Amino acid sequence: MDPDSVKSTLSDLAFGQVMAAAARNLQKEMIDQGKAQASNSVDDEVDLDELMNDPELEKLHAERIASLKKEAEKREAKVRQGHGEYREVTEGEFLGEVTTSDLAICHFYHKGFYRCKIMDKHLKSLAPKYIDTKFIKLDAENAPFFVSKLSVKTLPCVIFFRKGTAFERLIGFQDLGGKDDFSTKSLENLLIKKGIIYKRKGDNEGDDDDFLDIRRRTVRVSSVDPDSDSG
């Protein structure tokens, strides 16, 4: 046999043995890995069983249920006080409404003013979202005593109450850019800034730019007689 041919044959045999050994090692690793995964799976099942009977976990679960129940009871109490919806009240009901809630918003409106209808639309949208604040409206024509007492001179006028005391107000659309096309989100951000409503945990916090944009284009609108519908 040719010496070169013999060398080539031996080389091929050696290469084949190396590949066979590599294949055996790979197979062994795969088997070992499968056993490890099966072992981990059993361990996971054991750990889960232990957790299900963990008294600390049961305590946390009970505390969470109690917290949710308390929150639901609090919400029901607010609803009984008239929270969660945007309602119209009379002059005789007004004082009782704003003094029985920690936070209340009252929109003094005129039924013939277009801008009052715009404000109505946005407040109606926000009322169910902010259950901690009461949202009401009062017909200014039928509430002369409180219109005078609270110096309501421009409509729409939205007054904020904390435990029955007026602490802030929106006059017309001055703080909303002086235009009719502001968004509900813009009003929402403004009410948050004024401290009459509060964001709940988990709500988006990236709305400041919208509020700042409104503030940049705000124009001062001079007070006019209520019959003028604030322009």
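Hi everyone, let me start with a word we'll need: a residue is buried when its relative accessible area is under 20%, exposed when over 50%, and partly exposed in between, using a 1.4 Å probe and protein chains only. What you see is a predicted model, where local features need pLDDT of at least 70, side-chain atom pairs count only at pLDDT 80 or more, and totals for chains, interfaces and linings use all residues. Residues are numbered from 1 along each chain as its sequence is written, and side-chain values use heavy atoms, with hydrogens and water left out.

Today's topic is salt bridges. That means a side-chain nitrogen of Lys or Arg within 4 Å of a carboxyl oxygen of Asp or Glu. By this rule, the model has 7 salt bridges.

Let's visit Glu-97 and Arg-87. Their closest N and O atoms are 2.8 Å apart. Glu-97 sits in helix H3 (residues 91–99) and Arg-87 in strand S1 (residues 86–89), 10 residues apart. Helices (H or I, at least four residues) and strands (E, at least two) are DSSP runs, numbered from the N terminus. Glu-97 is buried at 14%, and Arg-87 is buried at 17%. Arg-87, Glu-97 and Lys-134 are linked in a network of salt bridges.

Next, Asp-120 bridges to Lys-137, with 3.4 Å between the closest N and O atoms. Asp-120 is in helix H4 (residues 114–126) and Lys-137 in strand S3 (residues 134–139), so the pair ties together parts 17 residues apart in sequence.
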